[in-house]
Amino acid sequence: MKKIFFLCIFIVLFLLNMSIAAQSNEQMDEFLARSYADLGMSSYLVLASAGRIDESASVEEALNWVSEQGMDASFKNLEADRDICYGEFSYILMEALSLKGGVMYRIFPGPRYAAREAAYKKWMLGRSSPSRSLRPYEVINAINMVMEELEERS
């Protein structure tokens, strides 16, 4: 448990020095204190890290981006405070970063095959069930893993 805590602290400090540095400490602390990762903040973190929205954008603007991409049809709903599941988060990650994914994702883009791609790439630990709720540290760790992978490709 201590290892996970220190890993979370390291990742948060690392990301704060990267693209989400403008995000207030209070919002980040609130996000990390939750028992689950919420759709609004998770979307914001992915989209700000990907450069799809400005760092000063709101959670509502992040959810508007998701809706404008037509991704909301694959989601339960777009309520900012509800938990985000593995498939939804993977889907936002794939679309925000324009990741191609495997054959099935290219044919049927959506949470199910985005989750399979995330599991295959080992961006997130634990069960890869598309409906599994994520914890905040999983969201931050996944963003970090994907960004590192993209940086290595460059």
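Student: How many aromatic pairs does the count come to by the rule?

Tutor: The count comes to three aromatic pairs. Under the rule, rings of Phe, Tyr and Trp (its six-membered ring) pair if their centres lie within 6.5 Å; planes under 30 degrees apart count as stacked, over 60 as edge-to-face and the rest as tilted.

Student: Why is the pair of Phe 75 and Tyr 91 called edge-to-face?

Tutor: The ring centres of Phe 75 and Tyr 91 are 6.3 Å apart, and their planes stand at 65 degrees, so the pair is edge-to-face. This pair links distant parts of the chain, 16 residues apart: Phe 75 lies in the loop between α4 (59–68) and α5 (86–96), and Tyr 91 in helix α5. Ring pairs also join Phe 75, Tyr 91 and Tyr 105 into a cluster.

Two notes belong here. This is a predicted model, in which local features need pLDDT of at least 70 and side-chain atom pairs count only at pLDDT 80 or more, while totals for chains, interfaces and linings use all residues. Residues are numbered from 1 along each chain as its sequence is written, and side-chain values use heavy atoms, with hydrogens and water left out.

Student: What makes Phe 75 buried?

Tutor: Buried means under 20% relative accessible area, exposed over 50%, and partly exposed in between (1.4 Å probe, protein chains only). Phe 75 has a relative accessible area of 7%, so Phe 75 is buried. Tyr 91, at 7% relative accessibility, therefore counts as buried. Buried residues make up 46% of the 154 residues in the protein chain.

Student: How do you know that the span of α8 agrees with its 18 residues?

Tutor: Helices (H or I, at least four residues) and strands (E, at least two) are DSSP runs, numbered from the N terminus. The expected span of a helix is 1.5 Å times one less than its number of residues. For the 18 residues of α8 this should be 26 Å; the end C-alpha atoms are 26 Å apart, so the two agree. The chain has eight helices and zero strands.

Student: What makes a polar contact with the side chain of Glu 149?

Tutor: A polar contact is a pair of N or O atoms within 3.5 Å; within protein, one must be able to donate a hydrogen and the other to accept it, and residues adjacent in sequence count only if both atoms are side-chain atoms. The side chain of Trp 123 makes such a contact with that of Glu 149, at 3.0 Å. Another, of 2.7 Å, joins the side chains of Glu 149 and Arg 153. Glu 149 is placed in helix α8 (residues 136–153), and is among the buried residues of α8.
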